[in-house]
Amino acid sequence: MQFTPKRKKSGGDIYTEKTACPIMIDLPHKEESRHCIECFRCVNPQAKGGLYMRLRHPGEEIEKIRSHNPGLAEIWFFFLGTGIALGGFLWLVLPQFQIWRQQIGAWMVNKEWWWVLESGPSWLMVVEPERREVFYWLDFMMIVGFMLGFMVLLASILFATTYASSYLSKKLSSTSESISIRFKELGYQYAPVAMVSLIIGLGAKLFDLLKEIGLSSNMVSNTKVFLFAIGMIWSLWLAHKILQTQGVNLSRRWLAMLPGAVGSLAVGYSWWVAIF
Ligand code: SF4
């Protein structure tokens, strides 16, 4: 749903203190939904002005992101959030992580840095001897380093694929927008894949609940696969719609969609390794 002005003024969102909105949105100019906290204060069905609530299909704002003030900070959140969520799973399952841990640990011990085999403060890392879970400084540095490294790697892949899509979009369309404007819009194609990644990655307890209501482990895994498949198809759909607004002809649009599909597949492959 979305709160939309009954009498809209053009020009995009602006902010003012002379408004009923606690976020200081100038109501007749409201176009974006990202800052609205949906408090209903601006909604009065009897009034001629103000806002009304309308239903919209999911993703509508991203399909028309050009008129909804795309922002680089949001794109970086998609790129980095996906990577850090995946990194948090992959260190648990990749044998290579254990090999690196052994090698780096041995190298540090050879240097007589004994402190790496001591545990740190419990507000920083897991120190629960009664549960036989005690992390050392070595674990802390390895896990944080691995997660950050994977975040940078995946963000680089998504950056490269988005840039390739933007470059192709510029080459294949007759409109004049620069590659950087196209990049800012096409980065949003990863919103569904990124959000599903965060749900799967950070919502472990949510899926535990499914087991408690009687679903088998297989069914829970299939639910995750299903969610991810929807995310990927939705990402492709968004790329198709965004490229349409960028003036890329339907017959050649698939070419500019290819790098985006590669990026989604890279995320999908990493999840496959991590949890399926
Ligand atoms: S619902 Fe609340 S936050 Fe959103 S535009 Fe209206 S007054 Fe502002």
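**Overall architecture, nonpolar patch and cysteines of the predicted chain**

From the N terminus on, the elements of the chain follow the order β-β-α-α-α-β-β-α-α-α-α-α-α, with 9 helices and 4 strands in the chain, where helices (H or I, at least four residues) and strands (E, at least two) are DSSP runs numbered from the N terminus. The structure is a predicted model, in which local features need pLDDT of at least 70 and side-chain atom pairs count only at pLDDT 80 or more, whereas totals for chains, interfaces and linings use all residues. Residues are numbered from 1 along each chain as its sequence is written, and side-chain values use heavy atoms, with hydrogens and water left out.

The domain assignment of the chain gives domain 1 (1–56) and domain 2 (72–275), the bounds coming from an automatic or database domain assignment. The C-alpha centres of domain 1 and domain 2 are 34 Å apart, and the C-alpha atoms of the chain fill a box of roughly 70 × 45 × 45 Å along the principal axes. Among contacts (heavy atoms within 4.5 Å) in the chain between residues at least 6 apart in sequence, 66% join residues at least 24 apart.

Of the 276 residues of the chain, 38% count as buried, where buried means under 20% relative accessible area, exposed over 50% and partly exposed in between (1.4 Å probe, protein chains only). The chain exposes about 15,800 Å², of which carbon and sulfur atoms supply 65%; accessible areas come from the Shrake-Rupley method with a 1.4 Å probe, and for residues only the protein chains shown count as cover.

Leu 72, Trp 76, Phe 159, Tyr 163 and Tyr 167 make a nonpolar surface patch of about 480 Å². Helix H2 (72–93) and helix H4 (137–172) are the elements that give two or more residues to this nonpolar patch, and H4 gives the most, with 3 residues. Patches are made of residues with over 30% relative accessible area and no salt bridge, like charges being joined within 9 Å and nonpolar side chains (Val, Leu, Ile, Met, Phe, Trp, Tyr) within 5 Å; a salt bridge is a side-chain nitrogen of Lys or Arg within 4 Å of a carboxyl oxygen of Asp or Glu. Tyr 167, which lies in helix H4, is partly exposed, with a relative accessible area of 40%.

With a disulfide taken as a pair of cysteine sulfur atoms within 2.5 Å, the count comes to 0 disulfides. Cys 21 counts as buried at 13% relative accessibility, whereas Cys 39 is partly exposed, with a relative accessible area of 38%.
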